[in-house]
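Please keep the sequence and the coordinates at hand while reading.

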Amino acid sequence: MNFRSTRSDETVSASYALLHGLARDGGLYVPETFPEQVLTYKDLAEKSYQEIAATVLSYFFTNFSADERKEMIAAAYNDSTFDDERIVPLHSLDTELTIAELFHGRTLAFKDLALSLFPYLLTAAKKQEKEERDILILTATSGDTGKAALEGFKDVDGTNIMVFYPSEGVSPMQKQQMQKQEGKNVRVTAINGNFDDAQSFLKRVFTSEEVNAYANEKGVLFSSANSINIGRLFPQVAYYVATWVRLVDDGIVGQNDTFDVVVPTGNFGNILAGWFAKKMGAPIGRLICASNKNKVLADFFKTGVYDMNRDFYTTDSPSMDILLSSNFERFLFYVAGGNTDRVAQWEKELQETGKMQVSPEELAALQAEFSGDWIDDDETKAVINHVFNDFGYLMDPHTAVACGVYMNFHKEGRLPHHTVVMSTAHPYKFPPVLCQALALPASDDPFTMLATVSEVTNIALPQPLADLRQKPVRFADTIEREAMKDAVLSFVDTISDRQKA
Ligand SMILES: *Cc1c(COP(=O)(O)O)cnc(C)c1O
């Protein structure tokens, strides 16, 4: 399977797309021909998560052998990387609603599902492309990506990783996770600014000819671990397919039943993977895009207008504090029926005016499958409180946004099928929000807050957080966003010196 750009006819191999992330014309890579309706329950019934992932990925990464894929999957999803052998366990709250827990990996966020596998895909692609240079992964994060990428790439030979995060845009626990990162090949820096600033300034560095030439001279090749990379996106399709198979295996839905999904959305990678799973054959009815107060996407699905000209809010669900969703362009490619000129035009409008609009016909077509809605921070905390009190189930603020949107739709009778809420983080990553939601005393120390929460909920501290507590801070710097370029160049020098040593 080759991959093509969303903005032109540029077509490349999977290994090239894995290594380079972004297309040369600035677009994103999509499969040259999408494998439509290739999956059936009969073929997948009772299969393990690893077997299901192998089947899903066999359609996209044909550049690797079946044995190679199997090996990578075994290394990514096992009892040292996930604390539940089902990888994505389901938890039904009642007969109408199931939570798919995507947070059982090493950093307690759904990003682990892709980023446990991605380093293996990338290093195999590097070999295939006969790429001798050291890889430097550059990543901007709103919290969870950075940590999951750091854990995935930590001490992987031939790779290095540098992560930038907005200093005030992540939770205290996420900040500790970042500042205490281990590994010889990692660097972590906070920047003054929000996530969009971090992302757009990093993109500038990433695409600068001058910076790339400098890195090349030093034997370093830039790559990204952001959710635009095909090695991030396609592994995510697997957990939607696995969720479907498990729902039927467990008798929660019937073999011919449709189910709806609600996805807490930021960069649009997770929900896009859900739509891809549907295109491959998973009987998903409606995909509901849940936003927080940064509701660009919720508005888009109501009006067909994507408008970033608005205030940016820092919310209790920081991984969704995004105005420009980087994976949205892939969705637009399909909305435009594969018309790359139209996508390029939309992207140009977005860049120049911060706004684009689909036609009424296109809007109607996508509203047949998608809906969008949002709730604010007060409602989010009320949902956490309500679900804990009524069901004894504690959810993180991102999942609670999706659950709140679910409850609003459900009240209006707009969800005819069994619904799955994708749960994207362990609640203990967000202690201050939990304390507020459950009316417990706050503290400056997130671990003190978790001890308080734990007394009420009886949920033990997960091992990765217990370990984190003991570790020393390694990366405490905060820089201006204009200084990001020099920070990258300085790390390139370090890598180059290490090669010589
Ligand atoms: C990244 C993240 C999201 C948003 O996912 P996208 O794929 O960017 O839409 C939601 N919740 C959590 C906890 C996340 O880490």
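How many nonpolar, polar and charged residues are in the lining of the largest pocket? The lining holds 18 nonpolar, 14 polar and ten charged residues. The model is a predicted one, and the values given below are computed from it.

**The largest pocket**

- Five elements each contribute at least two residues to the lining, namely α1 (14-20), α9 (195-207), β9 (220-224), α14 (328-335) and α15 (340-353), and it is α9 that gives the most, with ten residues.

- When neighbours within four places in sequence are left aside, R24 is in contact with E10, V12, Y16 and Y29.

**Enclosed cavities**

- Searching the whole structure gives four cavities of 30 Å³ or more, and the largest cavity holds about 300 Å³ of space.
- The largest cavity is lined by 27 residues, among which F110, K111, G266, N267 and S319 are the closest to its centre.
- At least two lining residues come from each of α7 (144-153), α9, α11 and α12 (269-280), with α12 supplying the largest share, three residues.
- By class, the lining of the largest cavity divides into nine nonpolar, 15 polar and three charged residues.

**Nonpolar cores**

- In soluble globular proteins, nonpolar side chains tend to be buried together.
- The largest nonpolar core of this model has 109 residues, and those with the most contacts inside it are Y49, F61, F234, V241, W244, F268 and F331.
- Helix α11 (residues 230-249) gives the most to this core, with 13 residues.
- A second, separate core consists of 42 residues and includes M320, Y406, L440 and L465.
- W244, one of the residues with the most contacts inside the largest core, touches L39, T40, Y41, L44, F259, G281, A282 and P283 once residues up to four places away in sequence are not counted.

- Most residues other than glycine have a negative phi, and most peptide bonds are trans.
- F268 is not a glycine, yet it has a positive phi of about 75 degrees; this residue lies in the loop between β10 (259-264) and α12.
- With a relative accessible area of 1%, F268 is buried, and it is also among the residues with the most contacts inside the largest nonpolar core.
- D155, likewise not a glycine, has a positive phi of about 60 degrees, and its place is in the loop between α7 and β7 (159-166).
- D155 counts as partly exposed because its relative accessibility is 40%, which falls between the 20% and 50% cut-offs.

**Cysteines**

- A disulfide is a covalent bond between the sulfur atoms of two cysteines.
- The structure holds zero disulfides.

**A400, in helix α18**

- Is A400 buried or exposed? A400 is buried, with a relative accessible area of 0%, and its place is in helix α18 (residues 397-411).
- Apart from its neighbours within four places in sequence, A400 is in contact with I375, T380, V383, I384 and M395.
- The C-alpha atoms of A400 and V473 are separated by 30 Å, the two residues being 73 residues apart along the chain.

Notes: Residues numbered from 1 in each chain as written. Predicted model: local features only at pLDDT ≥ 70, side-chain atom pairs only at ≥ 80, totals over all residues. Heavy atoms only, no water. Helix = DSSP H or I, 4+ residues; strand = E, 2+ residues; numbered from the N terminus. Nonpolar A, V, L, I, M, F, W, Y, C, P; charged D, E, K, R; others polar. Buried < 20%, exposed > 50% of the residue type's maximum accessible area, 1.4 Å probe, protein only. Contact = heavy atoms within 4.5 Å. Core = buried A, V, L, I, M, F, W, Y, C linked by side-chain atoms within 4.5 Å. Disulfide = S-S within 2.5 Å. 1 Å grid on protein atoms, 1.4 Å probe; cavity = no way out; pocket = protein on both sides within 12 Å on 5 of 7 lines; lining within 4 Å. Points joined across faces, edges and corners; volume = space filled by probe spheres on them.
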